[in-house]
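Please look at the sequence and structure before reading on.

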Amino acid sequence: MKINACLASLPAGYLFAEIAKRVKEYAAENPNADLLRLGIGDVTRPLVPAVVEAMKQAAVEMGTPSGFRGYGPDFGYRWLIDAIIDGDYRTRGVEIGPDEVFISDGAKSDVGNLQELFGPDAAIAVTDPVYPVYVDSNAMAGRLGEYVNGRWTRLTYLPCNAENGFVPPLPDKPVDVIYLCYPNNPTGTVLTRDQLKVFVDWALDNDALIVYDAAYKAFISDGDIPRSIYEIPGAKKCAMECCSFSKTAGFTGTRCAYTVVPKELVFGGVSLNRVWGRRQATKFNGVSYVTQRAAVAVYTPEGQKQTMENIAYYQENARVIREGLAAAGIRVFGGVHAPYIWMKTPADMKSWDFFDLLLKKAHVVGTPGEGFGPSGEGYFRLTAFNTLENTREAVDRILRIL
Ligand SMILES: *Cc1c(COP(=O)(O)O)cnc(C)c1O
């Protein structure tokens, strides 16, 4: 068997493994250290009652002859698709058709799988720092060339940093695909409507596709920040949008997401909607009935109220971190419309050196920016996914050592 050499030679998933290793070693040597984890990118608040009740009812139904269901529709139940269209798009003045929404088990799988739509030599651009899935999934398919000194030779990096206000520059050479994620993981920053329009216009002019990851849209607290790329005119002709219940409603362990592929999206005479449907119907058998019932409960009035309370809790944590560090003169970014705070390391420390300092002197675990790409060096990510008490304590400890 000839192995996929691109997959076999992929650099090890170094970031979180390396963090776990350093934390484990330190904890073994210092068993009394009370470590506070502000590094996780996973929600911590439980599922809301409206969701739990819907799952219970659906489970009971599945145990009755009349309520039992086998395979569901390939692309999701119509009642969930309609709730998504009404709740997430119509309210924003965007019309999406029911056959343009594809329910899935996660935005990570969708964002990783959809590169199967691209030709083997398609040129890819990502913002830098970046959610690693976009890069690694294309590397596995052999599109990115060689990995040399922390960079892929065929990947276009769009650096985002304090100097450009975390607004990515346009690619300086032709690319076929641009991945954008807003609100951003890891930087927690957003793009305004005008800033996003620049990318939509560029993609339309250059016959490029934008893959828009809106996993954190529920954290947007300002009506002027777009929640969907389709709020920008022309975006239906150039963008796919991936959304998830993971961060919106705490579904990281429950698994439900959706991707929008508009009918207007046509490249080389081929409808992406048609071929994505073909791909999904071949390789994916849908999300469980119980889970889709859980997801639709998010759109009920109680579901909305309860999930927004959880989001507000994380937003308060983010505020505590952001304002606490800023008051001490640290340069902080993001954390307003996102659960992530991206901080400049003090005195331009290397991000891994700062990681070690925080771990050993403050007993706080965060994430070194360098792990998200070359432009992450000199930055550090803290997350709002902890209790308010722990978040306050972590900020106090960080301030004490700086
Ligand atoms: C958490 C996250 C997702 C969500 O992934 P799921 O598979 O739906 O849990 C997608 N994109 C980004 C950037 C994320 O951080």
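## Model and naming

The model is a predicted one.

## Ligand site

The shell around the ligand holds 14 residues, and D213, Y216, S244, S246 and K247 come nearest. Two helices, α5 (107–113) and α8 (245–249), each supply at least two residues of this shell. By residue class, the shell divides into 6 nonpolar, 4 polar and 4 charged.

On the side-chain side, a polar atom of D213 lies 2.7 Å from a nitrogen atom of the ligand, and a polar atom of S244 lies 2.6 Å from an oxygen atom of the ligand. K108 takes part through its backbone, where a polar atom is 2.9 Å from an oxygen atom of the ligand. Taken alone, the ligand exposes 390 Å², and the protein buries 94% of that area.

## Largest pocket

Several elements contribute to the lining of the largest pocket. At least two residues each come from α2 (14–29), α5, α6 (132–140), β5 (151–152), β6 (155–159) and α8. Of these, α6 gives the most to the lining, with 5 residues. The lining divides into 24 nonpolar, 11 polar and 10 charged residues. Two of the elements that line the pocket, α5 and α8, also each supply at least two residues of the shell around the ligand.

## Enclosed cavity

Rolling a probe the size of a water molecule over the atoms shows where empty space is left. How many cavities of 30 Å³ or more are there? The count comes to 1. About 50 Å³ of space lies in the largest cavity.

The residues that line the largest cavity are V43, R45, P46, K247, T248, A249, G250, T307, N310 and Y314. Both α8 and α11 (301–327) supply at least two residues each to this lining. By class, the lining of the largest cavity divides into 4 nonpolar, 4 polar and 2 charged residues. K247 lines the largest cavity, and K247 is also among the residues that come nearest the ligand. Helix α8 likewise supplies at least two residues to the lining of the cavity and at least two to the shell around the ligand.

## Backbone features

The loop between β7 (177–181) and α7 (193–206) contains P183. A cis peptide bond joins Y182 to P183, with omega of about -10°.

Past α7, the loop between α7 and β8 (209–213) contains D207. D207 has a positive phi of about 55°, although this residue is not a glycine.

How values were computed:
Residues numbered from 1 in each chain as written. Predicted model: local features only at pLDDT ≥ 70, side-chain atom pairs only at ≥ 80, totals over all residues. Heavy atoms only, no water. Near = heavy atom within 4 Å. Polar contact = N/O pair within 3.5 Å; in protein donor to acceptor, adjacent residues only side chain to side chain. Areas by Shrake-Rupley, 256 points an atom, 1.4 Å probe, with all protein chains shown as cover. Helix = DSSP H or I, 4+ residues; strand = E, 2+ residues; numbered from the N terminus. Nonpolar A, V, L, I, M, F, W, Y, C, P; charged D, E, K, R; others polar. 1 Å grid on protein atoms, 1.4 Å probe; cavity = no way out; pocket = protein on both sides within 12 Å on 5 of 7 lines; lining within 4 Å. Points joined across faces, edges and corners; volume = space filled by probe spheres on them.
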